[in-house]
Amino acid sequence: MLVVIDTHVLVSALWSKNGNPKKVLDLLLNRKIKPCFDSRVLVEYQTVLLRPHFKFSSAEVLALMSIIETSGVSVVPMPIDMSFIDEDDKKFYEVAKHCCAKLITGNLKHFPDDAEILTPMDFLKMIYGKVL
């Protein structure tokens, strides 16, 4: 299954080793889901995850980036002509639409009303029929 993972979900997954974002990340790491991305998404992932205040090790971040790049699908999506509350979120939506992928985010209100945009909890419910 193709997915686009919002940066906030990755941050949450690396912070908390037990929450739903971590379970989504585990699916990615175990190659149960395939991430879609473009160059803008990769730059945001790396820039945000390497911010000093998060205190994630650069080795951990670079390993995650390598897994995403080698196991995922790199695309060049067409721009979408619509406004977003946070224009930085538009790239994730563009990639998801281009790939016909699920977009996993903790910020549903930042995106259009779309059944393909899910919280980590709702994504896990969809995959497993329940939350683990």
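This is a predicted model: local features need pLDDT of at least 70, side-chain atom pairs count only at pLDDT 80 or more; totals for chains, interfaces and linings use all residues.
Reader: Which residue forms a salt bridge with Arg 40, and how far apart are the closest N and O atoms?

Author: The general idea first: side chains of opposite charge can pair when their charged atoms come close. In this model, the partner of Arg 40 is Glu 94, with the closest N and O atoms 2.9 Å apart. The pair links distant parts of the chain, since Arg 40 belongs to helix H3 (residues 39-49) and Glu 94 to helix H5 (residues 90-99), 54 residues apart.

Reader: Where do Glu 44 and Lys 91 lie, and how do their side chains meet?

Author: They meet in a salt bridge, at 2.8 Å from N to O. Because Glu 44 sits in helix H3 and Lys 91 in helix H5, this pair ties together parts 47 residues apart in sequence. As for accessibility, Glu 44 is at 18% and therefore buried, and Lys 91 is at 11%, so Lys 91 is buried as well.

Reader: What about Lys 97 and Asp 114: what do their side chains form?

Author: Another salt bridge, with 2.7 Å from N to O. Here the pair links helix H5, which holds Lys 97, to the loop between strand E4 (102-104) and strand E5 (117-118), where Asp 114 is found; the two residues are 17 apart. Lys 97 counts as partly exposed at 36% relative accessibility, while Asp 114 counts as buried at 17%.

Reader: How many salt bridges does a search of the whole structure find?

Author: The search finds 8.

Reader: Now the strands: in which sense do E1 and E2 pair?

Author: Strand E1 (residues 2-5) and strand E2 (residues 34-37) are paired in the parallel sense, over 2 bridges. To locate the pairing, look at Val 3, which stands opposite Pro 35 in E2.

Reader: And how many bridges join E1 to E4?

Author: There are 3 bridges between E1 and E4, and these strands run parallel. One place to look is Ile 5, whose bridge partner in E4 is Ile 104.

Methods. Residues are numbered from 1 along each chain as its sequence is written. Side-chain values use heavy atoms; hydrogens and water are left out. A salt bridge is a side-chain nitrogen of Lys or Arg within 4 Å of a carboxyl oxygen of Asp or Glu. Helices (H or I, at least four residues) and strands (E, at least two) are DSSP runs, numbered from the N terminus. Buried means under 20% relative accessible area, exposed over 50%, partly exposed in between (1.4 Å probe, protein chains only). Two strands pair if DSSP finds at least two bridges between them.
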